Amino acid sequence: MDYDALIQKLGTFGPYQKRLLMIVFFPIIFNSFGAPVSNFILGEHLHRCKIPDLENDSYAVQGQHHKDLINLTIPVKLDGSYDECNIIVNGTLETCSEWVYDYSVFTRTVNSQFNLVCDNTYLHSLSVSAYFFGYVLATVTLCPLGDVIGRRKMVVIASTVEFLANIIMPFSYNVYMFIVLRFLDGAAALVYNQGAFIIVILLSGSIYHRYLI
């Protein structure tokens, strides 16, 4: 008996296949947020250098005295905006190591938490790309591995890794930890999506494939 005939005998899209579809589809809803969420957790703030020895400095101007201090210490660029990476100290232009951020759009992001600005801008780009690097690794190595150890095992492992990565990610103590977790999140997401899709397709009748795809 060939495979299609066996599926026809067991049921092409009965209660079992419907339950299976609902079970594996539910995590995919959350997987779909993996890539676009970068626009929020890695959103770019307007920023400038922090005024030295001013503990309550903020990007928003607090008053005339605060505005005068900003104008004395922060260089102005040709377009009228404040320099984001340099500060004037005792009449000398220096590169700053502390920044204040505009929180009018984003209250807190990975950029502001780990200061991914100026010389560290490349870490921002790497943080965004890490998720898609995980996709590439999964496509080349992990997804084909499902044919060896079984797709159900791969789906269970991928969902576990993805769950743990997303739980731990908000508690990252440095940007490198965040990048590794985003990488694992991307790899696990693709493995789960492909594995779950193939399982549902293989256990359903061929006449329903056009609807499932």
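User: In what order do the elements of the chain run from the N terminus on?

Analyst: Happy to start there. This is a predicted model, in which local features need pLDDT of at least 70 and side-chain atom pairs count only at pLDDT 80 or more, while totals for chains, interfaces and linings use all residues. Residues are numbered from 1 along each chain as its sequence is written, and side-chain values use heavy atoms, with hydrogens and water left out. Helices (DSSP runs of H or I, at least four residues) and strands (E, at least two) are numbered from the N terminus, and their order here is α-α-α-β-α-β-β-β-α-α-α-α-α.

User: What percentage of the residues in the chain is buried?

Analyst: Buried means under 20% relative accessible area, exposed means over 50%, and partly exposed lies in between, using a 1.4 Å probe and protein chains only. The chain has 213 residues, and the buried share is 36%.

User: At what angle do the axes of α7 and α8 cross?

Analyst: Axes are lines fitted to C-alpha atoms, for helices over the stretch in contact, and angles run from 0 to 180 degrees between N-to-C directions. Helix α7 covers residues 151-168 and helix α8 covers residues 175-202; their axes come within 8 Å. The crossing angle is roughly 150°.

User: Is the crossing of α6 with α8 left-handed or right-handed?

Analyst: The axes of α6 and α8 come within 7 Å and cross at roughly 35°. A crossing is left-handed if the near helix is turned anticlockwise from the far one by less than a right angle, and right-handed if clockwise. For α6 passing α8, the crossing is right-handed.

User: Which residues does P144 touch, leaving aside neighbours within four places in sequence?

Analyst: P144 sits in helix α6 and is partly exposed, with a relative accessible area of 40%. Its C-alpha atom is 9.8 Å from that of G195, which is 51 residues away along the chain. Contact means heavy atoms within 4.5 Å, and by that rule P144 touches A138 and T139.

User: Why does the pair of Y131 and F132 count as edge-to-face?

Analyst: Rings of Phe, Tyr and Trp (its six-membered ring) pair if their centres lie within 6.5 Å; planes under 30 degrees apart count as stacked, over 60 as edge-to-face and the rest as tilted. Y131 is buried at 1% relative accessibility, whereas F132 is partly exposed at 40%. Their ring centres are 5.7 Å apart and their planes lie at 85°, so the pair is edge-to-face.

User: Which residues do ring pairs link into a cluster?

Analyst: The structure holds three aromatic pairs. The cluster that ring pairs form is made of Y131, F132 and Y135.
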